[in-house]
Amino acid sequence: MKKAIIIYIFLLLVISAGFLFVITLKNTAYDKPYSFEISPEGVVVSELGTMALAGFQSEYAVIEKGTELKAEAFADDYAALLVDNTDRNFITAHNVYDRIYPASTTKLVTFMVVCDAIDQGVISLDDEITFTRTITFSEYNGATRSPLYTGCTVSVRNLLFAFMIRSYNDYGVVLGEAVAGSEAAFVDMMNEKLRSIGATGSHMCNPHGLHEDDHYVTAYDLYLIINEVDKYPLIHEIDTYDTYIYTYSDPNGLAATDEVQATNMFVTGEASLPGNVDIVCWKTGTTSQAGYCLDMIFESNGKKYTVFVADPKSKDALYSDVSSLFNYVN
């Protein structure tokens, strides 16, 4: 009898170990990062989390598709979420798996690919790049671009800082060409980066985020993206600036300066930030199709959170929505 019980327990252990092994492989592969075949209830599997495996669900919060959580106040928004990064729990969720347009939150992906190229020695922050043409965006009304033109020279560091702080769209093109040789080749690298971090509900067509119909993300993917960006030390230096002044050379080799201001109203002080909230990293975005977007990680009371809102109404409405989400933390 005792022998039969021992054999039975042994078989249970073997089956359980095999089951966990299969799940671990699927989660680590990121082939279907938030497939509900992996977790039918759409929640972090506690066993995986406690084992601290390298898989998708052991690092990120997962929520069931279609779930609306404390979303009444955000019903008119394209999407909204608030995630407790420390405990991997969703606090608020609205349309988190729906395709939306990212606008300049796209630049978070561009930033990662450029930083990867720097780490690999493809380019360096000190490299000087000369504009071979004046980059304009006539098809996009009011698209933000730098004052630089054909023959101007600027360092990769200043390109990257102004790109992220002021959201100069032409700098995305210049950085992409410097890394990959062409904008199209760089976009391929962006899409590969998305796949590598599990953000498979998104597709990039350009490095800046100006509207294209096939250029889209999900709010959930932007949660994944900014948490990956948070792993790059350079973003924490860049995002300390409310104003950044840098120099470049005009075509005659004469020094010129450009002063850029952050696009995040919480950073500039145009919107009030609660005393118990510290911004970790962020990116804004605005187009007529995307609305007004803010993707941000912040710390409060010793914990980290991700907040994202895409509001179709106005910039003031966006910051009002995000401010209301701060209250949910408490």
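Modeller: Contact here means heavy atoms within 4.5 Å. This is a predicted model, in which local features need pLDDT of at least 70 and side-chain atom pairs count only at pLDDT 80 or more, while totals for chains, interfaces and linings use all residues. Residues are numbered from 1 along each chain as its sequence is written, and side-chain values use heavy atoms, with hydrogens and water left out.

Colleague: Which residues of α4 meet α5?

Modeller: K107, L108, T110, F111, V114, C115 and I118 in α4 meet L160, F163 and M164 in α5. Helices (H or I, at least four residues) and strands (E, at least two) are DSSP runs, numbered from the N terminus. The chain has 11 helices and 11 strands.

Colleague: Why is α4 called roughly antiparallel to α5?

Modeller: Helix α4 (residues 107–119) and helix α5 (residues 156–165) pack at an angle of about 160°, and their axes are 10 Å apart. That angle makes α4 roughly antiparallel to α5. Angles under 35 degrees count as roughly parallel, over 145 as roughly antiparallel, 65 to 115 as roughly perpendicular and the rest as oblique. Axes are lines fitted to C-alpha atoms, for helices over the stretch in contact, and angles run from 0 to 180 degrees between N-to-C directions.

Colleague: What makes α5 and α6 oblique to each other?

Modeller: α5 and helix α6 (residues 169–180) pack at an angle of about 140°, with 9 Å between their axes. The two helices are therefore oblique to each other. At this packing, V156, N158, L159, L160, A162 and F163 in α5 meet Y171, G172, V174 and L175 in α6.

Colleague: Why does C152 count as buried?

Modeller: Buried means under 20% relative accessible area, exposed over 50%, partly exposed in between (1.4 Å probe, protein chains only). C152 has 0% relative accessibility, so C152 counts as buried. C293 counts as buried because its relative accessibility is 1%. Buried residues make up 52% of the 330 residues in the chain.

Colleague: How many disulfides are there by the rule?

Modeller: A disulfide is a pair of cysteine sulfur atoms within 2.5 Å. By this rule, the count is zero.
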